[in-house]
Amino acid sequence: MTGLPEDRFTAQAADALGCGLLHEAGPGQWSFRHSLACHAVYEAMPTHERRAMHLRAGRALEGRPLQPVAQLARHFRLAGDVEASCRYTEQAADLSTQSGDVATAALLLHSLVTSVALPAEPLVRLVMKIQFQALSGSDPYSKIIESLESALGIQALTPEQQALVRFQIGRVLMVAGEIEAGRLEILRAVPHLAPDALEAARARTLLALPLGNARPVSEHLRWLHEAPAVAMSIAPHHRLLLSVERAFALLMLGVEAGWTAALQIPDEPADPRAASVVAAGHTNVGEEAMRWGRYDEAGQRLAKTLALAERYELLDSFDSIASPQAHLDWFTGA
């Protein structure tokens, strides 16, 4: 790990142990007595040496039978190995999600895409995986948008690649509440998205949502009708996402068929990754049910969201249901 000759390593290890900087944690294993000492030594190292040691650490850990993917992701990211850090971060995030820890998965992906200049293709894929509901902090969006805009401005991209990046910028802007700016980016992306791509369907469904400036209902319905049918080749998670967004758009537009579409939202997610989508779906339908005067259904939907938020630690969901729950209590005299 140190890259030192054995005799020099032995002498320096003895000095570090003798002065109390390190202590022996086990046979052939040493650790710092205090984390502050660890940070002080780490920060005193020249940058090039630090990067070289992170690379050696990553390569050493790769040889383990059970690879510690989160540690590998960190070491290769700090070593500047973009391809390896991207691969191991995605693996670590997927494992966290599979175990139900969606908050750690979101944090790992957010940290990578906002601190490493990734090529457009993995950047778009990883941004799509981030579950914003699981992130803490008041603004988990702006740094992601900066990374996407940087890729758009610096990298040589085909029109379709540019459209995929623009769609993600628009989607994140809309999630962040900047509706008109988000719509504009999505409108610029639509003509260059592959007709059978998931993004083509999602882009039109997002444009169908009557959010932001007022527009004729017919315009929103046109976008919804233009959205291509969901191909069976699309992953179940993404098919669920599209069906949730479609049901929300129909109910917001006052279309009775939205209630049939809302029945497709399951009570329980098929896997932890789908939890935030199911929770958001029930929140949205609950809020629309209240506007339609269906107070019993509104209460049931919001209760389902709360149960999912508690089980899967969906931090943002607690805030998103507070307002509709207060409105529902007011309307029902509770």
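By how much are R291 and E287 separated in helix α15? The two residues are four apart in that helix, so about one helical turn lies between them. In this predicted model, their side chains meet in a salt bridge, with an N to O distance of 3.5 Å. R291 counts as exposed, because its relative accessibility is 56% and the cut-off is over 50%.

The structure holds 18 salt bridges. R294 pairs with E256, and their closest N and O atoms are 3.2 Å apart. R294 sits in the loop between α15 and α16, whereas E256 sits in the loop between α13 and α14. The two residues are 38 residues apart. R294 is partly exposed, with a relative accessible area of 31%.

R311 and E268 form another salt bridge, at 2.6 Å from N to O. R311 belongs to helix α16 and E268 to the loop between α14 and α15, so the pair ties together parts that are 43 residues apart in sequence. R311 is partly exposed, at 45% relative accessible area. E268 is also partly exposed, at 44%. Salt bridges can also form a network: E90, D94, R125 and K129 are linked in this way.

The surface carries a nonpolar patch as well. Y295, W330 and F331 form this patch, and together they have about 400 Å² of accessible area. F331 lies in helix α17, which spans residues 315–331. Its relative accessible area is 46%, so F331 counts as partly exposed: the class runs between under 20% for buried and over 50% for exposed.

The largest pocket has a volume of about 1600 Å³. Its lining has 31 residues, and M1, T2, W30, F32 and M53 are the closest to its centre. Five elements each supply at least two lining residues: α1, β2, α2, α3 and α4. Helix α3 gives the most, with seven. By type, the lining of this pocket divides into 16 nonpolar, nine polar and six charged residues.

The second largest pocket holds about 1100 Å³ of space. It is lined by 42 residues, and Q133, V175, E245, A280 and N284 lie nearest its centre. Helices α7, α9, α11, α13, α15 and α17 each supply at least two residues of this lining. Helix α15 gives the most, with 10 residues. The lining of the second largest pocket divides into 20 nonpolar, 13 polar and nine charged residues.

Conventions:
Residues are numbered from 1 along each chain as its sequence is written. This is a predicted model: local features need pLDDT of at least 70, side-chain atom pairs count only at pLDDT 80 or more; totals for chains, interfaces and linings use all residues. Side-chain values use heavy atoms; hydrogens and water are left out. Patches are made of residues with over 30% relative accessible area and no salt bridge: like charges are joined within 9 Å, nonpolar side chains (Val, Leu, Ile, Met, Phe, Trp, Tyr) within 5 Å. Accessible areas come from the Shrake-Rupley method with a 1.4 Å probe; for residues, only the protein chains shown count as cover. A salt bridge is a side-chain nitrogen of Lys or Arg within 4 Å of a carboxyl oxygen of Asp or Glu. Buried means under 20% relative accessible area, exposed over 50%, partly exposed in between (1.4 Å probe, protein chains only). On a 1 Å grid over the protein atoms alone, a cavity is a set of points where a 1.4 Å probe fits but cannot get out, and a pocket is an open set with protein on both sides within 12 Å along at least five of seven lines; lining residues have an atom within 4 Å of a point. Grid points are joined across faces, edges and corners, and a volume is the space filled by probe spheres set on the points. Ala, Val, Leu, Ile, Met, Phe, Trp, Tyr, Cys and Pro count as nonpolar, Asp, Glu, Lys and Arg as charged, and the others, Gly among them, as polar.
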